[in-house]
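Hi everyone, thanks for coming. Let me put the structure up and then walk you through its strands.

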Amino acid sequence: MKELIEKIITRKSYYDIIGGGALSKNNEDFFKEKKQWSIIKDQLLGCYLKPYFSKILATQKPIFYVDAFAGKGRFEDGNAGSPIIALNIISESLQRTKFNQSDVELCLIELNHANALRNNVKHFKNVAIVEGKYEDNIERLLVGKKMQNVFLYIDPYGVKVLDFSIFEKISEINLYSIEMLINFNSFGFIREACNAMNTQFDAVILEDLVGVDNLNVNNLKSIQDLNKVAGGTYWQAIIEEYKNKTIDGYEAEKKFSEQYCKNLKEHFKYVLNMPIRLQKGQRPKYRMIHATNHAQGCALMNDNMYKRWEALQTIQNHGQISMFTEDIENISVNKEELQKEILEIMKLHKEYIDIDIFLAEFISKYGVRVSTSDICKELDKLCNDNNIEVVRNPKFTPKGKISKFWTVSKGHSVKVRCT
Ligand SMILES: C[S@@+](CC[C@H](N)C(=O)[O-])C[C@H]1O[C@@H](n2cnc3c(N)ncnc32)[C@H](O)[C@@H]1O
């Protein structure tokens, strides 16, 4: 009985969350200490930003970096939050780059902790802090950024503020490049979707849902709010399937996330997503979604997610190295199938295509399963078996040997096609 009451009280706190980004009881403690979930999330961001800035500075176009849910800048235990992680990487990159005219602007949007944030980043130059809501400010901030490189980090507590139409509008701006990294609480969405459609959601899965939203359950408004977040009504059929027990809660979340990413692909060329779970079979705490029109960015993010995934697998296997190759959804990867899949993508093109575009198309279709260097090993085999043709420029190394590189850089290009 005591346990039941405790469960009801814990459940009630989910519903205490007030809409519009105000703090919930669950979120009040967020900045006390940095949890393992946040560490993984920040590693994904930080390890990506290093190669991102070194590549993007070479475009010699202005860079506009936005942390749209910036938080306090620093956790109370002293750990850096996402703004300080980015600021440190930007200043290191600017010190290293040979492009000394580089123009990098950083903007931090924060609704509840703007003062703490201001205080924590006061030692950094060229930082603009916008005190307010992401959804009210982002379009205005992007006006005048045409032909610039824009990176948008989106790390809200829940999904409610993620109006899909904002992403659509961003994709229509003529930017030099756009990259978005989104922390997407897909289970939070499914929970709300079940509430809105009068469906009981699995109590076991519900445990420990931090940062979920309360969207005025069981009324038309909540259905409309969920349509706005999902960018369509497709989620309703998924909840129906769940209600009819054709699929379970985990499958519902996966199906919904896949469909959501497909929706993003209508507006951004390459979309990747990575579930973050600390134990096999557990529901993902959240999904990190990367959307971009930049082929090299997609390949870079694949390798970054793959490395984080290897580290996560060691945590999931309690320090033991796994005998099997599994993808980020814990599904085994059949390496024999890889070559077949590579040829399928390549056959979509009649002419030679740049290796970066091929890699981004392959990864975006099949998801994060292997590193790009593993894909290139399969390309080597396919080339040796005369299944594909590879054209490299320069064809020969300075020592007169045939070039074998796969990495594109200034003065080095690789194109591929099926024979
Ligand atoms: C998950 S935390 C961000 C943590 C941060 N990325 C870090 O690593 O330190 C979400 C932040 O978004 C803020 N927030 C909530 N609603 C918001 C909104 N609509 N627009 C902007 N910020 C919002 C919260 O106050 C909170 O600081």
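**Strands and their partners**

Helices (H or I, at least four residues) and strands (E, at least two) are DSSP runs, numbered from the N terminus.

A word on the source: this is a predicted model, where local features need pLDDT of at least 70, side-chain atom pairs count only at pLDDT 80 or more, and totals for chains, interfaces and linings use all residues. Residues are numbered from 1 along each chain as its sequence is written, and side-chain values use heavy atoms, with hydrogens and water left out.

Back to strand 10, residues 413-418. Strand 8 (residues 353-354) also pairs with strand 10, antiparallel, over 2 bridges, and I353 has V416 as its bridge partner there.

Now for the open sheet: 7 strands in the order 3-2-1-4-5-7-6, with mixed pairing. Strand 3 (127-131) and strand 6 (270-276) are the edges, each pairing on one side only. On average, neighbouring strands are turned by 15° against each other, direction ignored; axes here are lines fitted to C-alpha atoms, for helices over the stretch in contact, and angles run from 0 to 180 degrees between N-to-C directions.

Within this sheet, which strand does strand 5 (residues 177-184) join through 6 bridges? Strand 7 (residues 286-292), running antiparallel, with F184 opposite R287. Thanks, all!

Note on methods: Pairing = 2+ DSSP bridges. Buried < 20%, exposed > 50% of the residue type's maximum accessible area, 1.4 Å probe, protein only.
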